[in-house]
Amino acid sequence: MTDYLFKNGHLLTMTGSGVGYMKDGAVAVTNGRITAVGPTAELEKTISAKETIDASNMCIMPGLIDGHMHASYAVVRGVAQDIWNWMQAGLAPYHKYMTPTAFLSGTRSAVLEGIKAGTTLFGDYAWPVDGWGDVFADAGVRAVLTARINSLPAQGMAGLKIGDLYPFDEARGRETIDQATAFIDNWNRAHDGRINVMYGPQGPDMIGLDQLMECKKLAASRGLKVHVHTAQGDREIDQMVKRYGERTPAFLHEIGYLDDQLLAVHLTEATDEETQLIAKSGAKMALCSGSIGIIDGIVPPAHVFRQAGGDVCLGSDQAAGNNCHNIWNEMKLTSLFNKIKYKDPTTLPAWEVLRMGTIEGARALGLDDEIGSLEVGKKADLICIDVTEPNLSPVLDGPIRTLVPNLIFAATGREVLHSMIDGRFVMRDRAILTMDEQAIREDVQLQGEKVAHAVAADPVHKSMKLLEAMEAGNL
Ligand SMILES: [Zn+2]
């Protein structure tokens with residue numbers, strides 16, 4: 001018997017080359033999978049469900065995919081924007097004092113925020129501290145967890161002068177590879193495939209060549225991707241040129257790293273030619289429009305990447321300096337920034353960025369057989385959006401259909417009423433069913449204050465650029 005029948009909704013199935021719109025559509029879910037999609041009148045005739053959800057005045061669509069995030073930094077949301085060298089001059093002093101408790105508190109808060117904005121897949125990238133995987137498992141969300149690997153000194157980049165070549169600590173590289181591998185072997189396809197994993201050499205500038213190659217081999221032996229920050233800012237390019245005499249894309253090409261195993265994040269500094277080289281290799285791209293706009297003032301070359309045939313997923317990156325984990329924000333900014341960059345309003349229309357947030361994102365992560373569209377046989381990851389909210393009204397079906405443009409350019413995430421992941425409701429009528437929202441809100445406030453107090457007591461905080469704005473009374 002069918003578990004759930006959603007009916008009378010505006011369906012965005014994300015099948016075909018666009019959004020796959022269906023008026024007055026229905027979706028049936030059984031044992032965690034989609035078992036029927038079609039007109040309500042048709043499905044109602046043949047399907048009797050344990051529970052029927054009337055989705056009149058709602059849009060039913062696949063859950064949103066956040067392919068690249070550092071969820072833990074939600075505990076220090078807002079400490080590192082509006083400055084140059086955000087990592088060293090903003091985030092690093094806080095990062096230094098993020099205890100595992102603070103890390104988990106931020107992670108939970110980011111997951112809560114994402115669920116409330118319609119995200120169903122969380123592509124988190126972090127140290128595999130105890131309890132990290134459990135946050136996603138317990139919240140009932142789908143995840144792709146990348147255990148961070150590098151051979152930087154344990155204190156990270158705090159204290160290093162801008163422009164100094166990072167010292168590599170091979171023992172540290174060994175330790176992080178081993179930790180990541182243990183995590184990966186524990187969590188790969190855990191919870192009936194709901195939790196997925198990748199290897200995460202943090203950046204080609206942050207680990208020695210031998211260990212970078214070892215990560216690729218270890219991942220390949222398990223059929224996994226490598227998730228690597230690639231050409232992420234002038235800082236990285238400067239390191240690569242100083243160390244290897246080459247820019248990142250040429251270096252990765254030469255060592256055999258450019259292929260469909262690679263999920264390349266940011267490409268902030270990649271030229272159009274370098275971007276095409278990476279896209280044509282079969283590698284995928286993660287695009288973090290909001291974060292890179294805020295911390296670097298740059299529009300990454302996703303449009304060129306896609307035109308070269310590459311798949312791009314969206315990511316919210318980090319809340320220290322993107323300030324939110326909201327894929328509606330990323331879809332809108334991606335369209336808007338590229339229209340402005342190319343001075344062309346036809347660039348990345350609403351339907352294309354919606355694909356990047358759903359089916360194309362799934363392809364970039366290698367999960368499009370399972371998720372990203374409403375199709376029979378796929379896992380039931382879907383959201384229902386109230387389209388009677390003033391910012392989404394009226395819903396006109398012709399001559400111009402307004403649903404998707406209004407969702408992309410006007411939705412905030414708060415219009416998402418229900419979220420189902422793996423056939424199980426995680427949010428219903430905006431109430432979170434799998435997490436204690438009140439406790440998470442209180443805890444992230446407490447943990448955030450603890451980190452801030454520790455930073456205030458450390459003289460290193462005097463190097464933080466935002467202090468000038470504080471002292472001028474502007475912030
Ligand atoms: Zn990142």
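I began with the pair α5 and α7, which are roughly parallel to each other because angles under 35 degrees count as such, those over 145 counting as roughly antiparallel, 65 to 115 as roughly perpendicular and the rest as oblique. The axes of α5 (residues 170-187) and α7 (residues 209-221) come within 11 Å and cross at roughly 10°, where axes are lines fitted to C-alpha atoms, for helices over the stretch in contact, and angles run from 0 to 180 degrees between N-to-C directions. I took helices (H or I, at least four residues) and strands (E, at least two) as DSSP runs, numbered from the N terminus.

The model I am reading is predicted, and local features need pLDDT of at least 70, side-chain atom pairs count only at pLDDT 80 or more, while totals for chains, interfaces and linings use all residues. Residues are numbered from 1 along each chain as its sequence is written.

I then listed the residues joining α5 to α7: G173, I177 and T181 of α5 meet Q211, E214, C215 and L218 of α7, two residues being in contact if their C-beta atoms, placed from the backbone, lie within 7 Å. Sorted by class, this contact has 3 nonpolar, 3 polar and 1 charged residues, with Ala, Val, Leu, Ile, Met, Phe, Trp, Tyr, Cys and Pro counted as nonpolar, Asp, Glu, Lys and Arg as charged, and the others, Gly among them, as polar.

Next I looked up α3 (residues 100-116) and α17 (residues 437-456), whose axes come within 9 Å and cross at roughly 135°. That angle makes α3 oblique to α17. I noted the contact as made by T101, A102, S105, G106, R108, S109 and L112 of α3 with E437, I440, D443, V444, Q447, K450 and V451 of α17, and by class it has 5 nonpolar, 5 polar and 4 charged residues.

For α11 (residues 289-296) and α13 (residues 327-341) I found axes that come within 8 Å and cross at roughly 65°. Here S289, G290 and G293 of α11 touch N329, E330, L333, T334 and F337 of α13, a contact with 2 nonpolar, 5 polar and 1 charged residues.

Turning to domains, I read domain 1 as 2-62 + 372-432 and domain 2 as 64-364, with bounds that come from an automatic or database domain assignment. Their centres, taken over C-alpha atoms, are separated by 30 Å, and the contact takes 23 residues from domain 1 and 26 residues from domain 2. On the side of domain 1 that touches domain 2, α16 (403-410), β15 (416-421) and β16 (424-428) each supply at least two residues, and α16 gives the most, with 4 residues. I recorded that side as 14 nonpolar, 6 polar and 3 charged residues.

Among the strands, I saw β1 (residues 2-12) and β2 (residues 21-30) pair in the antiparallel sense over 6 bridges, pairing requiring that DSSP finds at least two bridges between two strands. L12 stands opposite Y21 in β2. I also followed β2 to β3 (residues 33-39), an antiparallel pairing over 6 bridges, in which A26 stands opposite G38. The hairpin of β2 and β3 has 2 residues between the strands, and N31 takes a positive phi near 50° there.

Last, I checked backbone geometry in the loops. Between β14 (382-386) and α16 lies P394, joined to S393 by a cis peptide bond with omega about -5°. P399 is also placed in the loop between β14 and α16, and the peptide bond from G398 to P399 is cis, with omega near -5°. A231, although not a glycine, has a positive phi of about 50°, and I located A231 in the loop between β10 (226-230) and α8 (234-244).
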